[in-house]
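Colleague: I have a structure open and would like to learn how to read it. Could you take me through it feature by feature?

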Amino acid sequence: MNLKYEGILAGLIAVIVIGLAYSTKSGEGSLAVGIFLLGVLLVYALSRYYNSRVGRVEDERTELISAKSTRNAFAVISVVLFAEYLWEYSAGNTETAMRLLIPLALGVIALVVSQYHYERVM
């Protein structure tokens, strides 16, 4: 089952990357944003589907894991900023797109630091 999940996830990510490469090169900003958001939703749905088969355990660790809402908020903001980056880059506004890389990089750094923190605590 695990290999099946990883294979589906890898295929889905490959399709998203190919679709984003095509749409940004063709200058279709709405197509790039649509592919990206659809891909994020499909990956989320796939994860929810496979995680629904796992039984829920309640203890101190699960409380700590559920307390990671700040990290999840950074992830959502990063998704929105990346969608805007794709839109601007596809439209030819490379200067504006490059300015969006700063908050994207800060969001990625925050996600990595919070992931490191949770791994140390766990």
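Colleague: Which residues is S78 in contact with, leaving aside its neighbours within four places in sequence?

Modeller: Contact means heavy atoms within 4.5 Å. With those neighbours left aside, S78 is in contact with L104, G107 and L111. One note on the source: this is a predicted model, in which local features need pLDDT of at least 70, side-chain atom pairs count only at pLDDT 80 or more, and totals for chains, interfaces and linings use all residues. Residues are numbered from 1 along each chain as its sequence is written, and side-chain values use heavy atoms, with hydrogens and water left out.

Colleague: Where does S78 lie, and is S78 buried or exposed?

Modeller: Helices are DSSP runs (H or I, at least four residues), numbered from the N terminus. S78 lies in helix α4, residues 69-90. For burial, we use relative accessible area: buried is under 20%, exposed is over 50%, and partly exposed is in between (1.4 Å probe, protein chains only). S78 counts as buried because its relative accessibility is 12%.

Colleague: What about S23: where is S23 placed, and what is S23 in contact with?

Modeller: S23 sits in helix α1, residues 2-26. Its relative accessibility is 0%, so S23 counts as buried. Beyond its neighbours within four places in sequence, S23 is in contact with E28, L31, A32, I35 and S90.

Colleague: Which residues form the largest nonpolar core?

Modeller: A nonpolar core is a set of buried Ala, Val, Leu, Ile, Met, Phe, Trp, Tyr and Cys residues joined through side-chain atoms within 4.5 Å. The largest has eight residues: L12, I16, L20, A32, V33, F36, A83 and L86. Helices α1, α2 (29-51) and α4 each supply at least two residues of this core. Another core lies apart from it, with five residues, among them L81, A97, L100 and L104.

Colleague: Which residues does F36 contact?

Modeller: Setting aside neighbours within four places in sequence, F36 is in contact with L20, V79, F82, A83 and L86.

Colleague: And M98: where is M98 found, and how is its accessibility classed?

Modeller: M98 is found in helix α5, a helix that spans residues 94-121. M98 counts as partly exposed because its relative accessibility is 42%. The C-alpha atoms of M98 and E88 are separated by 9.1 Å, and these residues are ten apart along the chain.
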